[in-house]
Amino acid sequence: MVAGFQVPGNVRYHAGHTWALSESRELVRVGIDDFAAKLVGKIESIALPQRGRWVRQGQKIWTIFRDGKSVDMVSPIEGTVTAINEAVLQNPELARNDPYGDGWLLTVQAPDSKINFRNLMGGTLARLWTESSALKLRNRMPMLAGVLAQDGGVAVDDMTANMPSQDWATLTKEFFLS
């Protein structure tokens, strides 16, 4: 836990709050991180790319919908989409409630995964970046200070539940680099 957010050590993180986990030499599982899950809040639906689509690291890969608004998120890895998590399409809240487990979004066949992983954060750097993101969020939106854990606890699940839609869209686009 870092600043109230899960930061598992076995995944690598993109600055747009997505993660990648190597499942084999070229197969990579991806999803949203815990910070994104709590910032997005209640997810109505997620538009995922189709199998066979080539995705580039740092470019739009999926769209999350909430309260009639949407935000795009970027890919942590480059390659061909080989599978999508059908369970998340049926129940998008899985991505928010279990972002590193049952809420994964896609698998990607990434022939240059070693190169792509060099562009991602892990370990101490990922923990410092998460802490920095939490501080940036507190500074950007002081009204959220009470929902971010400063005592080592867990941040609330829907930090932005009472935020106007316009502010939510602006804030998520800023943090998700979209």
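Why does Ala15 count as partly exposed? The relative accessibility of Ala15 is 35%, so the residue falls in the partly exposed class (buried is under 20% relative accessible area, exposed over 50%, partly exposed in between; 1.4 Å probe, protein chains only). The model is predicted: local features need pLDDT of at least 70, side-chain atom pairs count only at pLDDT 80 or more, and totals for chains, interfaces and linings use all residues. Residues are numbered from 1 along each chain as its sequence is written, and side-chain values use heavy atoms, with hydrogens and water left out.

Six helices and nine strands make up the secondary structure (DSSP runs numbered from the N terminus; helices are H or I, at least four residues, and strands E, at least two). Ala15 sits in the loop between strand S1 (12-14) and strand S2 (18-22). Beyond neighbours within four places in sequence, Ala15 contacts Met121, Trp129, Phe175 and Leu177 (heavy atoms within 4.5 Å). Pro76 lies 61 residues from Ala15 in sequence, yet the C-alpha to C-alpha separation is 8.4 Å.

Of the 178 residues, 49% count as buried. The largest nonpolar core has 37 residues (buried Ala, Val, Leu, Ile, Met, Phe, Trp, Tyr and Cys joined through side-chain atoms within 4.5 Å). Strand S3 (27-32), helix H1 (34-40) and helix H5 (123-140) are among the elements that give two or more residues to this core. A second, separate core of 10 residues includes Val7, Tyr13, Tyr100 and Met121.

Leu106 is one of the residues with the most contacts inside the largest core. Leu106 touches residues including Val28, Leu48, Trp62 and Ile84, with residues up to four places away in sequence not counted.
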